[in-house]
Amino acid sequence: MTGPLLQVVDLKKHYPIRGGLFGREVATVHAVDGITFHVDSGETLGLVGESGCGKSTAGKAILKLVDPTSGTVRLMGKRIDGLSRSAMWPHRRDLQVVFQDPYSSLSPRLSAGEIVAEPLKNFGIATGAEARERVAWLFGKVGLRPEQMAKYPHEFSGGQRQRLGIARALAVRPKLIVADEPVSALDVSVQAQVINLLTDLQAEFGVSFLFVAHDLAVVEHISHRVAVMYLGKIVEIADRRTIFARPQHPYTEALLSAAPQPNPRLKKKRIILAGDVPSPINPPSGCRFHTRCPYAVARCKTEEPQIRELAPGHQVACHLRLPSAG
Ligand code: SF4
């Protein structure tokens with residue numbers, strides 16, 4: 001395979017709002033409004049932004065749980081955005097998902113062992129004793145005990161259920177897992193355990209993650225690179241160290257300043273963002289962040305900043321940031 005594992009170009013997902021007697025389209029929700037990024041093999045890309053920024057919709061459009069409005073999605077070079085359900089099926093093995101709420105995504109009527117065995121059966125990988133053996137092995141890999149295979153989802157804690165969801169996603173040896181807020185519903189101590197587990201599994205199996213989260217602190221330890229989204233657009237994308245040490249977009253700066261500081265002696269200036277995220281139905285003109293940006297100038301209200309490369313691998317959409325010379 002040449003090129004990235006996942007390549008997303010100008011992806012959009014708009015939802016029409018219908019009204020009136022004839023159900024005409026009266027407005028459009030610009031949930032995802034032209035995002036471009038890639039994920040390399042064995043890499044984790046953190047996709048971060050406040051609630052309503054479109055990050056989860058982007059994950060769903062890539063997984064084809066919703067149909068993209070436009071743009072292209074390539075998995076291992078093969079275009080998958082326009083595929084029908086049946087044509088998409090073979091790619092499902094390579095592209096798995098872990099949801100935020102493992103409880104609602106795990107069938108309450110199946111035992112934990114059956115839940116993890118299901119994809120093995122569906123993809124014709126293993127059945128019977130072979131499947132059971134494989135499931136027991138997977139349980140060990142995600143930190144569950146094989147004797148827990150007979151239990152039902154309600155008998156597990158939140159962290160254990162998420163481990164179950166991860167085992168199910170991993171069962172078919174996918175190339176990429178879209179992890180949609182996988183630790184948001186968990187206690188902080190359990191969050192760290194699940195993130196460590198994902199990091200270990202990546203080291204062992206080489207799987208890539210698109211890790212969707214609303215909290216920058218959560219993606220810090222797992223991501224190789226981070227993409228920051230605001231109102232349906234990516235405003236900054238860079239490697240983890242750059243994002244956390246030298247963020248260039250005012251929104252990234254604000255998100256970072258709001259994150260808890262583990263060392264209280266390292267005081268940082270807290271940037272308070274005014275107001276809520278504006279509605280994606282009628283996004284602000286010019287730079288979508290101008291209504292909350294502490295540095296906004298007149299031009300920001302009328303002219304939309306294009307995302308530009310400031311340095312190799314570091315892209316920012318802000319009028320005030322210019323590429324470094326040379
Ligand atoms: Fe702020 Fe203007 Fe930059 Fe947008 S373009 S982030 S409003 S300074």
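Which residues of H10 are buried? In this predicted model, the answer is Pro250, Tyr251, Thr252, Glu253, Ala254, Leu255, Leu256 and Ser257, where buried means under 20% relative accessible area, exposed means over 50%, and partly exposed lies in between, with a 1.4 Å probe and protein chains only.

## About the model

Residues are numbered from 1 along each chain as its sequence is written, and side-chain values use heavy atoms, with hydrogens and water left out. Because the model is predicted, local features need pLDDT of at least 70 and side-chain atom pairs count only at pLDDT 80 or more, while totals for chains, interfaces and linings use all residues. Helices (H or I, at least four residues) and strands (E, at least two) are DSSP runs, numbered from the N terminus.

## The eight-stranded sheet

Eight strands form an open sheet with mixed pairing, in the order E6-E7-E8-E3-E9-E10-E12-E11; two strands are said to pair if DSSP finds at least two bridges between them. At the edges stand strand E6 (95–98) and strand E11 (308–311), each of which pairs on one side only. From one strand to the next, the twist averages 25°, and such angles run from 0 to 180 degrees between N-to-C directions, with axes being lines fitted to C-alpha atoms, for helices over the stretch in contact.

Helix H10 (residues 250–258) packs on this sheet and touches strand E3 (44–48), E9 and E10, its direction making about 105° with that of E9. Contact here means heavy atoms within 4.5 Å. The helix is mostly covered, with eight of its nine residues buried, and these buried residues pack against E3, helix H8 (216–220), E9, E10 and helix H9 (240–245).

Strand E9 (residues 225–230) and E10 pair in the antiparallel sense over six bridges, and Val226 has Ala238 as its bridge partner in E10. The two strands form a hairpin with two residues between them, and Leu231 in the turn has a positive phi of about 45°. E10 also pairs with strand E12 (residues 314–316), again in the antiparallel sense, over two bridges; the bridge partner of Glu236 in E12 is Val316, while Ile237 stands opposite Gln315. Six of the seven residues of strand E10 (residues 233–239) are buried, so this strand is largely enclosed by the rest of the structure.

Within strand E9 lies Ala227, which counts as buried because its relative accessibility is 0%. Not counting residues up to four places away in sequence, Ala227 touches Leu45, Gly46, Leu47, Val48, Ile234, Glu236 and Ile237. Ala227 and Thr252 are 25 residues apart in sequence, and their C-alpha atoms are 9.6 Å apart in space.

## The four-stranded sheet

Four strands form a second open sheet, in the order E2-E1-E4-E5, with antiparallel pairing. Its edge strands are strand E2 (24–39) and strand E5 (78–79), each pairing on one side only. Strand E4 (residues 70–75) and E5 pair in the antiparallel sense over two bridges, and Leu75 stands opposite Lys78 in E5. Helix H1 (residues 55–63) packs on the sheet, where it touches strand E1 (6–19), E2 and E4, and its direction makes about 110° with that of E1.

## A buried residue in a loop

Glu43 is placed in the loop between E2 and E3, and because its relative accessibility is 8%, Glu43 counts as buried. Leaving aside neighbours within four places in sequence, Glu43 is in contact with His38, Gln202, Ser208, Phe209, His224 and Arg225.

## Helices H6 and H7

The axes of helix H6 (residues 158–170) and helix H7 (residues 188–205) come within 10 Å and cross at roughly 20°. That angle makes H6 roughly parallel to H7, since angles under 35 degrees count as roughly parallel, over 145 as roughly antiparallel, 65 to 115 as roughly perpendicular and the rest as oblique. The crossing of H6 past H7 is right-handed, a term used if the near helix is turned clockwise from the far one by less than a right angle, with anticlockwise giving left-handed.

On the H6 side, the contact is made by Gly159, Gln162, Arg163, Ile166 and Leu170, and on the H7 side by Val190, Gln193, Val194, Leu197, Leu198, Leu201 and Phe205. By class, this contact of H6 with H7 has eight nonpolar, three polar and one charged residues, where Ala, Val, Leu, Ile, Met, Phe, Trp, Tyr, Cys and Pro count as nonpolar, Asp, Glu, Lys and Arg as charged, and the others, Gly among them, as polar.
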